[in-house]
Amino acid sequence: MSPIIGIAGNQLIRATDTFQGNQVTYTPQGFVNAVQQAGGLPMILPISEPSSASSYIQKIDKLILAGGQDVSPQLYHEAPHPKLMETNLQRDHFEEALIKEALKQKKPILAVCRGMQLLNVALGGSLYQDLSLYSDWSVKHDQFPTEPQFATHEVTILTDTTLNKFLPTSYFVNSYHHQAVKELAPDLKATALSPDGLIEGVESTELKLLGVQWHPELTHRTNPFDQQLFTYFVQEY
C-alpha cells in the first residue's frame with residue numbers, strides 16, 4: 001500500500017485575476033509529482049487551527065513542510081527586522097503544531113527551505129531574519145531570475161549523514177532564501193554547508209527529521225539526485 005504523505009499547504013490570500021478574487025489553498029506541483037513518482041500518495045493539509053494537527057497527523061504516514069513566507073520572529077522571541085518580508089503567523093502556528101504532533105506520533109518529516117527553518121525554530125533554534133545580519137555572507141542565496149534547474153551555488157554534504165547516502169560530497173543547488181539558520185536546535189545536526197558557512201541541511205536520525213534549504217521539488221524531473229531525496233523519504237526513511 002502506498003504511504004500517505006501529508007504536504008502542509010499554503011494560502012494565496014490576495015485576490016488575483018487568475019482566481020477571480022478567491023483565496024486559494026495550494027502546494028507547489030513539484031511536491032505532488034515527486035511524491036507520486038516516489039510511490040507515495042500525496043495529501044495536501046490546509047492551514048487550520050493548531051488543535052486539528054493531531055487528527056491530520058493520524059491520517060498520514062509522513063509529513064512534508066514546504067517553502068513560502070518568512071517564519072515570524074515571534075516564534076523565536078525577536079522583534080521584526082526592517083528587512084523581514086511577508087509572514088503568516090497562522091501558518092506558522094499550524095505547522096509548528098504539525099511538527100509537534102508528528103514527533104509525538106513518531107511520523108517522519110521532510111522540511112524544505114522555509115520548512116527547514118521552521119523545523120529548527122520549533123525545536124528551539126533561531127534564524128537570521130535577513131542574510132545581511134550574517135557577517136560572513138558571500139554567496140548568492142537567491143538566484144532569481146535564474147531558472148531553478150540551473151543550480152546557483154555549491155554545498156558540501158557532510159559525511160555520515162542521511163544526505164550523504166545518495167548525494168555526492170560536492171553538490172550544486174538552486175537557492176531562494178534571504179533567511180537562514182542561526183542557532184541550530186539542540187535535537188538537530190548540520191548535514192550540508194554553503195561555502196560561506198550557512199547551514200543548508202539538517203537531520204536528526206533518532207527523531208526521523210530531514211531538512212534541506214534548497215528546492216528539490218523544482219528540479220526532481222531534471223536531476224535524479226533531487227528525486228532520490230523524495231524516493232528515500234517516501235520509501236525508506
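Which residues does Ile109 touch, not counting residues up to four places away in sequence? Select Ile109 and show its contacts (heavy atoms within 4.5 Å): the residues that Ile109 touches are Leu63, Leu65, Ile99, Ala102, Leu119, Lys208, Leu209, Leu210, Phe233 and Tyr237.

Before going on, keep in mind that this is a predicted model, in which local features need pLDDT of at least 70 and side-chain atom pairs count only at pLDDT 80 or more, while totals for chains, interfaces and linings use all residues. Residues are numbered from 1 along each chain as its sequence is written, and side-chain values use heavy atoms, with hydrogens and water left out.

**The nonpolar cores**

Next, select Leu63, Leu65, Leu98, Ile99, Ile109 and Leu119, which have the most contacts inside the largest nonpolar core, a set of 32 residues. A nonpolar core here is a set of buried Ala, Val, Leu, Ile, Met, Phe, Trp, Tyr and Cys residues joined through side-chain atoms within 4.5 Å, and buried means under 20% relative accessible area, with exposed over 50% and partly exposed in between (1.4 Å probe, protein chains only). Among the elements that give two or more residues to this core are strand E5 (62–65), helix H3 (89–104), strand E6 (109–112) and helix H4 (114–122); helices (H or I, at least four residues) and strands (E, at least two) are DSSP runs, numbered from the N terminus. Apart from this core lies another, of 29 residues, including Ile5, Ala34, Ile157 and Trp214.

**Helix H3**

Now select H3, whose 16 residues should span 22 Å at 1.5 Å a residue, and whose end C-alpha atoms are 22 Å apart, which agrees; the expected span is 1.5 Å times one less than the number of residues. At the N-terminal end, Asn88 caps H3 with a side-chain oxygen 3.1 Å from the backbone nitrogen of Gln90. The buried residues of H3 include Arg91, Asp92, Leu98 and Ile99, and after the helix comes Lys106, whose phi is positive, near 60 degrees.

**Helix H5**

Move on to helix H5 (residues 224–235), where Asn223 caps the N-terminal end through a side-chain oxygen that lies 2.9 Å from the backbone nitrogen of Phe225. Colour Asp226, Gln227, Leu229, Phe230, Tyr232, Phe233 and Val234, which are the buried residues of H5, and then show E5, E6 and helix H1 (29–37), which are among the elements that cover them.

Select Glu203 in strand E12, which counts as buried because its relative accessibility is 2%. The side chain of Glu203 reaches the backbone nitrogen of Thr162 at 2.8 Å.

Then select His141, placed in the loop between strand E7 (127–128) and strand E8 (153–157) and buried, with a relative accessible area of 2%. A polar contact of 3.0 Å joins the side chains of His141 and Asp196; such a contact is a pair of N or O atoms within 3.5 Å, where within protein one must be able to donate a hydrogen and the other to accept it, and residues adjacent in sequence count only if both atoms are side-chain atoms. Among the residues that His141 touches is Tyr176.
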